[in-house]
Amino acid sequence: MTVRATARGAERGSLDGTTADVIICGASFAGLAVARELAGCGASVLLVDRYELGERATSACAAPTPWLHALGLGEAIRQEIPHMRFITPHGSVRYRLPWSWSAFDYRHLCQLLYAQSDARFHTAKVQGRANLDQPVEGEGEGIGVVTDRGVLRAPLVVDALGWRRVLGESGYQPPNAPLSRGLEVHPGAHSGDLDVWIERSLVRRGYGWRVPAAGEARVGVASYAPADHVRRPTVELAERLDLEAVGYQGNWFPHRLRPAAESSIFFVGDSAGHCFPLSGEGIRTAFYFGIACGRELTAVLGQRSSRTEALARYAAFSAGHARAFAIAGRLQRLVPALPPRMLTAGLRLLGRQPLIDRSFGWYLDQAHPSFAGAGQSVGRKQSDPRRSSAGGQPPVQANQGA
Ligand SMILES: Cc1cc2nc3c(=O)[nH]c(=O)nc-3n(C[C@H](O)[C@H](O)[C@H](O)COP(=O)(O)OP(=O)(O)OC[C@H]3O[C@@H](n4cnc5c(N)ncnc54)[C@H](O)[C@@H]3O)c2cc1C
């Protein structure tokens, strides 16, 4: 039985009427990246999540190693993974990447990120926005966030609540929303490569994976078709690998960008669709857009920008990445439609080292770790020159010299 750390019932007092300069709803990758970016700016930052920090992982927790180091999260790494292996019904190919993945410990990583912030944290379930029917007009006007512990209020509010986009204007529900679904199990096992299965007999439109994490295998299946169930193929993959299907965890994740600003609220991570189609990789992008959002918020708090300007710039920055997301979206439709032999031949062709370096280099560039500006305090961050044409005004540039 899962033992939860989150306080329940009488242990949870009222938070009604609590105010802050910034409220960040959701304390996972995206929310914690925003909070970290606000460190040292002197503002009161309130983070809320329905669970305790790091209590409930929903992903395989593999991210590009350079990103983890850029954020000072190296301690949370359990295993570095330099190779990927793609397996189809007609063979397998092994790639040495120009950068490596690392599987990390979710709780540890959340704690490390939180320790780098100045935010206060409370558990509370966010239910929606107060007075949704009334537009927020005044710049300094507080936005009410309704939670199961009362209404919280701040002029700057971030929705980092994942695919449900709870503070959005309209609902977002599977199976009709552009969402993929994933499920995985966590048996004990040792292996070395990040294995990816692309087999229609396993999952019609999607892929299976095994992420090694130092004595644990994170074995799962994702389907791009939200109506297709993933439990049976997940169990099948575990059985094929002679592993026990234990320690289930799963979630939905988006495969289409959504507006990153709406009704005076900033949306970051899965709530803004910041998860790459095809790969379903959303941790790095949650960090990346979380940092961009944090920089815009810092500019508002430092009175170098109005909320309206910051919302517009952040939304343009996010939308400026639409091309990369659209390419990945097209590949997500194409790959499952390719005849398996052609797919295998294509993967072999791509397996030449210069092509691997080029394609995976391009992929990393779409949300590059240099954007994190590791080791620099707020206001001294560098912009990534590769990103400066990514769209709109890059927040890092806009905020430099703070
Ligand atoms: C099985 C699976 C495996 C995956 N593996 C990987 C991987 O290895 N690498 C990778 O890059 N991506 C992976 N992904 C995708 C990745 O998990 C997401 O893109 C990523 O978690 C997005 O981060 P986020 O912070 O935006 O949202 P989330 O991680 O979903 O965090 C949302 C937070 O909001 C909180 N919350 C939600 N609703 C409420 C509410 N009403 N009130 C209060 N709090 C609330 C949640 O508790 C949570 O802490 C995987 C996804 C799945 C489903």
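Two strands count as paired when DSSP finds at least two bridges between them. Strands themselves are DSSP runs of E with at least two residues, helices are runs of H or I with at least four residues, and both are numbered from the N terminus. The model you are looking at is predicted, so local features need pLDDT of at least 70 and side-chain atom pairs count only at pLDDT 80 or more, while totals for chains, interfaces and linings use all residues. Residue numbers start from 1 along each chain as its sequence is written.

Let's begin with the strand pairs.

| Strands | Sense | Bridges | Residues standing opposite |
|---|---|---|---|
| β4 (77-88) and β5 (91-104) | antiparallel | 10 bridges | I81 and W101 |
| β4 and β12 (194-197) | parallel | 4 bridges | M84 and L194 |
| β2 (45-49) and β6 | parallel | 4 bridges | D49 and T123 |

A hairpin of 2 residues links β4 to β5.

An open sheet of 6 strands runs in the order β6-β2-β1-β10-β17-β16, with mixed pairing. Because β6 (120-123) and β16 (261-262) are its edges, each with a single partner strand, one side of each has no neighbour in the sheet.
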